Amino acid sequence: MIMAIGYTSLERSGKAPAGFRSGFEIPYADIMQRCIMQESIDSIQILVLLALYSLFDPIGPSTWSIVGIITRQALAQGLTRPTVEDNLPPKTAELRRRLFWSVFGLDRMMAVSVGESPGLVVEEMGVPFPAITVVEFASPKRAEHASMLQVSRHVIELRQLESKILSTVHLQPRIAVSSLTQADRSIITTRLRSEIENWYSHGCLITKPEPDNVRLHDTMGWLNARYYHLLLLLYYPCQFNASTPAHSAARVSTLLELVRKFVQYNRVLLSHQQLPLNRVTLDRLVPACLVMFYCFVRDESSTALTARNEIRAVIDILERFSEKWTHARRLAGIMIEFAEFVASHEVYSAEVQQQEWLRSLRGELVSLAGETLGKATCYQDLIDGEESVTYSRVEEESPRSGLSFVPVEDASAIVCSYL
């Protein structure tokens with residue numbers, strides 16, 4: 001599995017021929033059965049590898065389901081309880097902590113990608129962040145080890161922030177959200193926005209855009225793509241972000257700008273052969289497509305003129321997935337048809353057939369979102385006032401204020417990663 005996972009990086013960066021990975025035969029059922037029957041730290045490590053491999057396997061089992069098994073085993077082995085490490089050697093205790101944070105990051109990454117609650121939910125886990133070991137400190141590569149740990153901590157902070165936004169903005173009970181005043185929501189949004197900016201500023205300090213950089217998580221391309229995904233997650237048109245109909249134009253402008261930046265930086269990664277063509281990338285494109293439809297319905301006149309490039313960029317990314325990724329191909333087909341609709345809308349906007357065409361496309365997209373992300377995904381709960389669409393519906397409202405975007409730079413060289 002280590003060889004197969006590593007090969008995905010070589011294949012994506014053009015350093016190995018495409019298709020060779022199909023020679024790896026991973027017996028999912030046998031591995032999962034053995035790991036479930038023999039719960040141990042080794043079983044968790046093996047399942048983490050299996051989950052990482054499944055991210056790139058279009059015909060394999062659900063990564064989200066595998067991660068669910070991993071989180072239960074992590075709880076059973078006491079990875080969330082630092083007191084279990086009291087009688088262990090320092091090196092063993094540190095490796096357990098690193099395993100915990102690997103599981104934590106994988107769990108949170110998948111939860112945000114599919115729009116569901118994470119599986120590893122324990123109050124006050126209190127597990128220390130990964131730290132350098134005595135052996136690593138005494139090694140000639142001490143600076144490299146320290147740098148990698150710093151990047152790992154930055155990624156952990158990203159997963160924590162993504163999860164906080166998901167639970168606060170998307171997964172709160174509707175009654176709890178309804179009880180919040182606009183002032184309450186504004187305070188929460190401002191606080192989360194400040195945390196996003198702080199995370200981005202920290203990332204700018206550790207980025208290494210040198211051409212020979214072989215990691216992904218400390219490059220400007222990855223940092224920018226994650227930054228705009230955080231903002232899109234924060235301002236997504238759900239019940240929490242409901243305000244007054246008078247600001248619908250500002251909502252559309254804000255959301256469309258976020259989608260534009262998010263897609264733009266994913267396309268930068270793609271152009272440098274560094275975008276992972278896996279489940280996470282596909283899952284996170286689905287909500288972006290839903291937002292495009294939302295923006296078009298809310299402001300047909302301006303969106304039709306400004307969204308063409310974003311639609312084309314999404315199609316370009318989706319078409320890079322192999323034929324085995326059926327959901328990616330179906331989503332590409334929907335977006336191609338949506339592009340045709342946008343092009344024809346300027347001429348035939350008044351015709352009834354146009355509205356039926358759009359309604360049919362949105363229905364297909366919502367159905368595909370349920371198949372790709374899961375029927376319970378929170379990303380289907382867009383604010384929409386039309387009775388014929390299967391979104392969750394509340395009053396048509398919008399965010400309170402526009403965005404002031406932080407200037408960012410493209411990386412000259414962007415490298416690959418599994419996550």
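**Close-up views of a predicted helical model**

**View 1. Helix H7 passes helix H10 in a left-handed crossing.** Left-handed means that the near helix is turned anticlockwise from the far one by less than a right angle. The contact (heavy atoms within 4.5 Å) involves residues of H7 including His 154, Leu 158, Leu 161, Ile 165 and Val 169. On the H10 side, Trp 222, Arg 226, Leu 230 and Leu 233 are among them. H7 covers residues 142-170 and H10 residues 220-234. Their axes lie 9 Å apart, at an angle of about 15°. Axes are lines fitted to C-alpha atoms over the stretch in contact, and angles run from 0 to 180 degrees between N-to-C directions. The model is predicted: local features need pLDDT of at least 70, side-chain atom pairs count only at pLDDT 80 or more, and totals for chains, interfaces and linings use all residues. Residues are numbered from 1 along each chain as its sequence is written, and side-chain values use heavy atoms, with hydrogens and water left out.

**View 2. The chain forms 16 helices and zero strands.** Helices (H or I, at least four residues) and strands (E, at least two) are DSSP runs, numbered from the N terminus. Of 419 residues, 52% count as buried. Buried means under 20% relative accessible area, exposed over 50%, and partly exposed in between, with a 1.4 Å probe and protein chains only.

**View 3. Ile 165, Leu 331, Met 335 and Phe 338 touch the most other members of the largest nonpolar core.** This core has 85 residues. Helix H12 (residues 279-298) gives the most to it, with 13 residues. A nonpolar core is a set of buried Ala, Val, Leu, Ile, Met, Phe, Trp, Tyr and Cys residues joined through side-chain atoms within 4.5 Å. Leaving out residues up to four places away in sequence, Leu 331 touches Leu 282, Val 286, Cys 289, Leu 318, Leu 365 and Leu 368. A second, separate core of 38 residues includes Tyr 28, Ile 66, Trp 101 and Val 127.

**View 4. The buried residues of helix H1 pack against helix H3 (41-54).** H1 spans residues 2-12. Its buried residues include Ile 5, Tyr 7 and Arg 12. Just after H1, Gly 14 takes a positive phi of about 80°.

**View 5. Gln 273 has a positive phi of about 60° although it is not a glycine.** Most residues other than glycine have a negative phi. Gln 273 sits in the loop between helix H11 (248-271) and H12. Its relative accessibility is 35%, so Gln 273 counts as partly exposed.
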